[in-house]
Amino acid sequence: MNLQLTNRVFLISGGAKGIGAAISKTIAEEGGIPVFIDPSHDEGALLLSEIERMNQKGMQIPIRLNLPSDARKAVEKTVEKFGRIDGIVNNAGANDGIGLESGDPDMFRKSVEKNLGHYYDLVHYALPHLKITKGSIVNISSKTAVTGQGNTSAYTAAKGAQLSLTREWAVELLTYGIRVNAVIPAEVMTPLYRRWIDTFENPQEQLDLIQSRIPLGNRMTTAQEIADTVVFLLSDKSSHTTGQWIYVDGGYTHLDRAIGRN
Ligand code: NAP
């Protein structure tokens with residue numbers, strides 16, 4: 001399938017590592033131009049050299065999105081360099097374990113803002129450009145938004161809000177032909193996931209237990225499998241899909257887990 005992304009420009013927050021890096025790379029493989037907003041210098045430089053080896057273009061904006069002005073500058077730099085924006089992948093975030101008992105109101109508010117604010121900011125500032133290209137927006141949420149996880153109130157609040165905004169923006173942007181969808185991962189081995197699993201006393205045992213409960217193949221989802229769905233949603237091949245929450249999780253969230261047990 002030719003996704004027809006040639007010379008189309010996509011902004012990916014957190015696009016230098018983990019799921020975001022797989023998305024950036026896959027966009028380039030499909031002929032598109034990924035602009036990844038991510039403070040990870042070494043990983044970003046490596047990714048850019050991989051993209052250049054494919055004879056494709058790309059750019060890193062090496063910042064951590066924090067203030068609204070960060071998102072505005074990222075949009076401005078992208079348009080200055082490439083002249084257009086065809087899509088946004090809101091992906092940057094971290095499960096930071098701010099719970100009811102372990103956190104406090106100040107930590108809660110800061111974490112919600114950190115995980116949610118820039119999802120709004122990027123789309124807000126990119127909107128004039130997305131209107132021209134009839135662009136596509138993909139919000140990366142998390143299974144925890146619909147199942148809970150325990151001890152992570154702020155992260156799940158932000159992830160749930162991202163799902164609501166997917167529906168809300170899909171409605172608001174119908175008139176411009178801009179589509180908005182969410183992709184919901186569950187268990188994907190990335191630097192973030194590695195840090196989380198390493199908090200367990202016996203990480204390998206915990207990983208084996210989780211994998212044994214994933215119905216399809218008793219394995220983690222790969223970052224590439226998430227990226228393939230995201231890039232399809234960015235492309236015109238999904239031209240009548242909007243407002244959807246798509247679970248790429250081997251059936252982990254919805255299927256009877258008794259089925260998947262080894
Ligand atoms: P990751 O391995 O930590 O990669 C995320 C990248 O984003 C990192 O390079 C990180 O830099 C960067 N980043 C974080 N906050 C940023 C910000 N405000 N502005 C710019 N860059 C920022 O994470 P991942 O596991 O790939 O997760 C990506 C997304 O998938 C997140 O939204 C996460 O909630 C979601 N998700 C992941 C899983 C999973 O199993 N991995 C499951 C469900 C949902 P630093 O490392 O320097 O912070």
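**Around the ligand: a quick briefing**

Of the 30 residues around the ligand, the nearest are Asp38, Arg64, Asn91, Tyr155 and Thr190 (a residue counts as near with a heavy atom within 4 Å). Keep in mind that this is a predicted model, where local features need pLDDT of at least 70, side-chain atom pairs need 80 or more, and totals for chains, interfaces and linings use all residues. Numbering runs from 1 along each chain as its sequence is written, and side-chain values use heavy atoms, with hydrogens and water left out.

**Polar contacts** (pairs of N or O atoms within 3.5 Å)
- Tyr155 has a polar side-chain atom 2.5 Å from an oxygen atom of the ligand.
- For Lys159, a polar side-chain atom lies 2.8 Å from a ligand oxygen.
- Thr190 puts a side-chain N or O atom 2.5 Å from an oxygen atom of the ligand.

**Cover**
- On its own the ligand has 890 Å² of accessible area, and the protein covers 91% of that (Shrake-Rupley method, 1.4 Å probe).

**What builds the shell**
- H7 gives the most, with four residues.
- Domain 1 (9-186 + 222-248) and domain 2 (190-220) each provide at least three shell residues, with bounds from an automatic or database domain assignment.
- By class, the shell has 15 nonpolar, nine polar and six charged residues (Asp, Glu, Lys and Arg count as charged; Ala, Val, Leu, Ile, Met, Phe, Trp, Tyr, Cys and Pro as nonpolar; the others, Gly among them, as polar).

Key. A polar contact is a pair of N or O atoms within 3.5 Å; within protein, one must be able to donate a hydrogen and the other to accept it, and residues adjacent in sequence count only if both atoms are side-chain atoms. Helices (H or I, at least four residues) and strands (E, at least two) are DSSP runs, numbered from the N terminus.
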